Amino acid sequence: MGLTRKGLLRPLSAAVAMAATTVLAAGAAAAPVDVDPVDVASAPGAAAAPAAPVPRADLSHHGHVSLWGDHIAIRIRSENRGPSDVTASTVRLRFSAPLAASQELPYGCLRGGKATVLCETGGLRSAGGARQTALDLTLAGSPDEVVVRLDAVWSGGARDTDRTNDVHEVLAPATGDAYAF
């Protein structure tokens, strides 16, 4: 039984890595995440085109984490409860302990830092089947426990109206037991 805490998905590519490290220029303001984009006319006095509706989805990620020695295994079940389909999605895993420098990652996953992995979960149909992601990783050391933070970092442009089921934090003691999120 893990400790959980309840936060968006994007296709894995160089764009993901760039977006994860983008810094705003001095004086620039970041747009709030849960505000729909506004269509601004290109010329003063020009009529603004009606904004296309932003698709809405409800992504959820659940699974378990097991830790023993320097090995950590994570199993993730990703699904979309709708109402819109999601064309692509990405989940980010952040660990409280650094990962070993040499790591064999499954297809669709890449390193995002010393203690971060990004994994593409692919398109998710509304109320369709779930996608499974399995990671077997090696840590740089053998900690007594590791905190794993999982969140959706891209949802194919769809707005997730319920973020409580796609952001988790789980404490995994080094017992080899599966701790759920």
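This is a predicted model: local features need pLDDT of at least 70, side-chain atom pairs count only at pLDDT 80 or more; totals for chains, interfaces and linings use all residues.
**View 1. An open sheet of five strands.** Going across the sheet, the strands come in the order β5-β6-β4-β8-β10, and the pairing is antiparallel. At the edges you'll find β5 (109-113) and β10 (167-173), each with a single partner strand, so one side of each has no neighbour in the sheet. From one strand to the next, the twist averages 25°. Inside this order, β4 (residues 90-95) and β6 (residues 116-120) run antiparallel and are joined by five bridges. If you want a landmark for that pairing, look for Thr90, which stands opposite Glu120 in β6. Most of β6 is covered, with four of its five residues buried.

View 2. β5 and β6 pair in the antiparallel sense over four bridges, and a hairpin of two residues takes the chain from β5 to β6. Which residue of β6 stands opposite Cys109? That place belongs to Cys119, and Cys109 and Cys119 also form a disulfide, with their sulfur atoms 2.1 Å apart. Cys109 sits in strand β5 and Cys119 in strand β6, so the pair ties together parts that are 10 residues apart in sequence. The torsion about the S-S bond is about 115°, so this disulfide is right-handed. Both Cys109 and Cys119 are buried. The disulfide count for the model comes to one.

**View 3. Gln103 in the loop between β4 and β5.** Here we zoom in on Gln103, found in the loop between β4 and β5. Is Gln103 buried or exposed? Its relative accessible area is 18%, and buried means under 20%, so Gln103 is buried. The side chain of Gln103 reaches two backbone atoms: the oxygen of Ala100 at 3.1 Å and the nitrogen of Thr138 at 2.8 Å. Leaving aside residues up to four places away in sequence, Gln103 touches Arg111, Asp136, Leu137 and Thr138.

View 4. The structure holds six salt bridges, and two of them are picked out here. Side chains of opposite charge can pair when their charged atoms come close. In one, Asp136 pairs with Arg75, the closest N and O atoms being 3.1 Å apart. This pair links distant parts of the chain, with Asp136 in strand β7 (residues 131-138) and Arg75 in strand β3 (residues 71-80), 61 residues apart. Asp136 is partly exposed at 38% relative accessible area, and Arg75 is partly exposed at 29%. In the other, Arg77 forms a salt bridge with Glu79, with 3.6 Å between the closest N and O atoms. Arg77 has a relative accessible area of 41% and is partly exposed, whereas Glu79, at 18%, counts as buried.

View 5. The side chains of Arg92 and Asp151 meet in a salt bridge, at 2.6 Å from N to O. Arg92 lies in strand β4 and Asp151 in strand β8 (residues 145-154), so the pair ties together parts that are 59 residues apart in sequence. Arg92 is partly exposed, with a relative accessible area of 23%, while Asp151 is buried at 7%. Which residues make up the network? Salt bridges with shared partners join Arg92, Arg94 and Asp151.

Note on methods:
Residues are numbered from 1 along each chain as its sequence is written. Side-chain values use heavy atoms; hydrogens and water are left out. Two strands pair if DSSP finds at least two bridges between them. Axes are lines fitted to C-alpha atoms, for helices over the stretch in contact, and angles run from 0 to 180 degrees between N-to-C directions. Buried means under 20% relative accessible area, exposed over 50%, partly exposed in between (1.4 Å probe, protein chains only). A disulfide is a pair of cysteine sulfur atoms within 2.5 Å. A polar contact is a pair of N or O atoms within 3.5 Å; within protein, one must be able to donate a hydrogen and the other to accept it, and residues adjacent in sequence count only if both atoms are side-chain atoms. Contact means heavy atoms within 4.5 Å. A salt bridge is a side-chain nitrogen of Lys or Arg within 4 Å of a carboxyl oxygen of Asp or Glu.
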